[in-house]
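I opened my notebook next to the structure and wrote down what I looked up, one entry at a time.

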Amino acid sequence: MQYCPRASRPRVLWLALALLITLAANPLAADPYQLPDFGSSADTVLSLADQRALARAFMKSVRKALPVIEDPVLDAYIQSLGQELVRSANAGGGYHFFLINQPAVNAFAGPSGQIGVFAGLVLAAETENELAAVLAHEIAHVSQKHLMRSFEAQKRMAVPATALLIAAALLGAQVDSQTGMAAMAGVQAMAVQNQINFTRDNEEEADRLGIDILAEAGFNPFAMPGFFESLGRSSRYYDNSAPEFLRTHPVTTNRIADALARAEQYGLRQRADSLEFHLARANLRQRSYSGAQRAVERFESTLASGRYRNALAERYGYALALLRAGRFDAARAQAKQLLEARPSQVEFIVLDANIDIEGGQLPRAIRNLKSAHGLDPGNWPITHAYAEALLKAGRVSPALSMLEAFHRRRPSFAAVYGLLADAAGRSGNKAKTYGYRAEELYYQGDLEPAIRQLELALRVPNVDYHLASKLQVRLDALREEKASEKKKWSRGDD
C-alpha cells in the first residue's frame, strides 16, 4: 500500500471512517464459543484504543448523516434485545444498538460493536424472532472481527482504487445511488470482485454463527433463513430495487439453503413475541407518518376494523399519535385504559407522564413518576421522564441529585450526560456543567471540544477540590488521547 506521510489527519481519518461506514453496511458475526482465530492478524490493524476512538468518530458521522432516534423508550427496547443476544453469544462487552428513523429495510455495524437498525427493518419483521435474527447476524460480524479483517484486506490494494471503492459504497449506500455507481465505474474490476468475494465469505460465516446465537438465546433458528426468504419474495413488489438489506447483504439460494441446514441442527423453537416488540413497532409506525393527523386516522381505522396483531400495542400507537396531534384528553383516555391493563409497563407509565407534561398537568406527572422511579431507580426511560418533569417544574436540585445517583449506579451509561449538563447548568454549577458537557461531547466523538469544556471547568473560581481533581485527571487523559491520535494519523500509521 502506498503511504502519504504528510497526509493531514482529517483526510486520513476521513478515509478510515469512510471505510468503516462502508464495511459496516455489510453485516457482522459472532462466535458463541469464543474460538481463537489463529490465522488472522486483524487485531494488529488498529489497537483497541484506536478502535474505540474510531467508534466514537463513526457514531459522530452517523449522527450527522442519519436521523438516529433518541427516544429513551425505543432505545431501551433495542438495547435490551441486542444485549440478550450478546450475552448468549458470550461476545464480550461494548456493544451498542441504536435505531434510525428511516423506512429503509436494513441494518449495519460499525467499529467496536456499534450496530444500527433502520425503523423500516423493525416494521418489516413479522416476528421478534426475525428482528433478533438480523441482530444476531450483525453481532456475529463483530465477534468475528470482519470489520478489522476487511480493513486489513484493503491494505493490499492501491490507494486510488481503495478510495474509489470506499466512495462508491459509501455514496451508494447512504447518499445517492447514481453518484455511487458513477464512482464505482472508476474502480478496477478485479478490486471490486475481491471485495465482493470477501463479503460473501463474511456473510456466510455471520449466518452460521448468528443462527447459533439465536438458538442459544431461545429464539427460533429458522427465523434467519425465513426472513431472508420473505424479503426476497417481497422484493418482487419493489420498483427497480430490492430492500436495502438484500443489496447490502446479498442473499443467494445457496446461502438460504446453508442457513436452513444450520437451523435444522437445532430444530424448530417457538418463542412468543414480547409485548415490548409490538409496542416498539407501534411507536415506529406512528412515527412513520409525517403528519400527526394521518397517524391518528390510521390507528383509528385499524382499531375500528380489528386489523392488528396486538390490541394493547395498537392502542399505544393511537395514544402516541393523539399526543403528537395535541389531543391531550383523548390521549389520556387511551393511556388510562393501557395502565389499567398493565399498570407497571414502562412504556405506558412514560406515555401517561408525557401526556400530563405536555397537557398542563405537571404536578400529576411528577407524582406518578416519583412513585415509578422509587420502584425502579435504575430504569432510564422513567428516570429521564422524571428528571425532565422536575426541571420543567423548576425543581432543579432534586433533578440533579437524582441524575447523579443514576450516574453512580450506571457509570458507563453515556446517554445521561446531556441531561446532567442541563440540570447542572440550571443549578448554576458551572464547573459541573462544563464537566458533564465534556463527557457528552466526548461520547459523541468530539474530542477537542470536550477538552475545551474541561479547560473551562478548571477556570471556574473556587471549584471544589475533589471535583477539580477529577476534572484535571480527565483533562490529562483526553489530552493524552488527542496527542496519541495526532501523532498516529499525522505519520500515516495503520
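Predicted model: local features only at pLDDT ≥ 70, side-chain atom pairs only at ≥ 80, totals over all residues.

**Entry 1: a covered helix**

I began with what helix 19 packs against: its buried residues sit against helix 3 (72-89), helix 17 (346-358), helix 18 (362-375), helix 20 (396-409) and helix 21 (416-427).

How many residues of helix 19 are buried? I found 11 of its 13, so by the under 20% cut-off for relative accessible area the helix counts as mostly covered. I went through the names too: among the buried ones are Trp380, Ile382, His384, Tyr386 and Leu390.

Next I checked the span. Helix 19 covers residues 380-392, and from its first C-alpha to its last it reaches 18 Å. That is close to the 18 Å expected at 1.5 Å a residue.

Then I looked at the two ends. At the start of helix 19, Asn379 has a side-chain oxygen within 3.0 Å of the backbone nitrogen of Ile382. After the helix comes Gly394, and its phi is positive, near 80°.

What order do its strands take? I read off 1-3-2 for the three strands, in an open sheet with mixed pairing. Strand 1 (96-100) and strand 2 (107-109) are at the edges with a single partner strand each, so one side of each has no neighbour in the sheet. On average, neighbouring strands here are turned by 20° against each other, direction ignored.

A reminder from class: strands of a sheet pair through backbone hydrogen bonds, either parallel or antiparallel. Phe108 stands opposite Gly116 of strand 3.

What packs on this sheet? I got helix 5 (residues 128-143), which touches strand 1, strand 2 and strand 3. The direction of helix 5 makes about 150° with that of strand 3.

I picked Asn129, which has its place in helix 5. Is Asn129 buried or exposed? Its relative accessible area is 7%, and buried means under 20%, so Asn129 is buried.

Which residues does Asn129 touch, leaving aside neighbours within four places in sequence? I listed Leu214, Phe219, Asn220, Ala223, Arg271 and Asp273. I looked at Leu214 again: it is 85 residues from Asn129 in sequence, yet the two are 8.2 Å apart in space, C-alpha to C-alpha.

How values were computed:
Residues numbered from 1 in each chain as written. Heavy atoms only, no water. Pairing = 2+ DSSP bridges. Helix = DSSP H or I, 4+ residues; strand = E, 2+ residues; numbered from the N terminus. Axes fitted to C-alpha atoms, helices over the stretch in contact; angles between N-to-C directions. Contact = heavy atoms within 4.5 Å. Expected span 1.5 Å × (residues − 1). Buried < 20%, exposed > 50% of the residue type's maximum accessible area, 1.4 Å probe, protein only. Polar contact = N/O pair within 3.5 Å; in protein donor to acceptor, adjacent residues only side chain to side chain.
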